[in-house]
Amino acid sequence: TYKRAWDQEVEPGQDFGEWYELELTLNKINREIKKHKQDKKRREIEIETLAGAVSDGVIAIDPMKRVQYFNGQMALILGKVFDPLSPPSYLDEVFRAPKLTLAVDEVIQTSQSRRIQIPMRTQKTAETHVFDVYVTPVKDDRKNRFHGVSAVFQDITEAKKVEEVRSDFVANASHELKT
């Protein structure tokens with residue numbers, strides 16, 4: 001921690017030697033590091049706010065299939081709170097859905113997005129809900145680096161119920177018209 005800012009106390013034309021130059025450089029580096037940390041913290045808050053505002057569950061998984069993050073909606077689905085300070089849990093520990101694990105494996109291997117539907121019992125209501133899950137790779141194309149997988153869980157239970165009611169109605173109406 002460099003608390004003195006000599007570069008602001010020196011009058012132009014004075015020469016304090018190479019140690020002074022070194023201290024000026026260290027002060028400059030220190031200011032840049034502080035600015036970088038502040039920018040990073042601001043971006044983290046923005047991303048957290050954005051992910052928290054989404055009405056769908058969002059989860060981030062690294063290439064080793066460890067859960068790195070999930071938003072508030074996903075916490076409601078899982079009945080768990082995300083703690084960034086705790087060691088990451090593996091996907092299989094968080095979810096008991098082999099279909100999701102297979103989809104994540106496939107996305108990790110092929111780097112191609114995959115869409116699946118999974119019935120899952122939520123901790124929030126203890127009822128089985130149907131989720132449309134969009135699993136996609138997270139990669140940096142500029143550096144050609146694979147960072148992991150993200151999965152977005154959209155609850156389509158109500159849409160499935162409406163579709164089922166419509167289908168039953170059409171089948172009953174068709175049967176009645178035939179008779």
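Two strands pair if DSSP finds at least two bridges between them. Helices (H or I, at least four residues) and strands (E, at least two) are DSSP runs, numbered from the N terminus. In this structure, Ile59 has Phe70 of β2 as its bridge partner.

The model is predicted, so local features need pLDDT of at least 70, side-chain atom pairs count only at pLDDT 80 or more, and totals for chains, interfaces and linings use all residues. Residues are numbered from 1 along each chain as its sequence is written, and side-chain values use heavy atoms, with hydrogens and water left out.

**Overall layout**

The chain has six helices and five strands. Along the sequence, their order is α-α-β-β-α-α-α-β-β-β-α. Of its 179 residues, 26% are buried (under 20% relative accessible area, with exposed over 50% and partly exposed in between; 1.4 Å probe, protein chains only). The accessible surface is about 13,200 Å² (Shrake-Rupley method, 1.4 Å probe). Carbon and sulfur atoms hold 54% of that surface.

**Strand pairing**

| Pair | Sense | Bridges |
|---|---|---|
| β1 and β2 | antiparallel | three bridges |
| β1 and β5 | antiparallel | five bridges |
| β4 and β5 | antiparallel | ten bridges |

Four of the five residues in β1 are buried. Ala60 stands opposite Ser150 in β5. Ile61 faces Val149 in β5. Val149 is also the bridge partner of Pro137.

Two hairpins link strands here. In the hairpin of β1 and β2, five residues lie between the strands, and Lys65 in the turn has a positive phi of about 65°. The hairpin of β4 and β5 has four residues between its strands, and Asn144 takes a positive phi near 55°.

In soluble globular proteins, nonpolar side chains tend to be buried together.

What is Leu100 in contact with, leaving aside its neighbours within four places in sequence? The list is Leu91, Phe95, Ile116, Ile118, Val133, Val135 and Phe153 (contact means heavy atoms within 4.5 Å). Across the chain, residues 24 or more positions apart account for 40% of the contacts with a separation of 6 or more.
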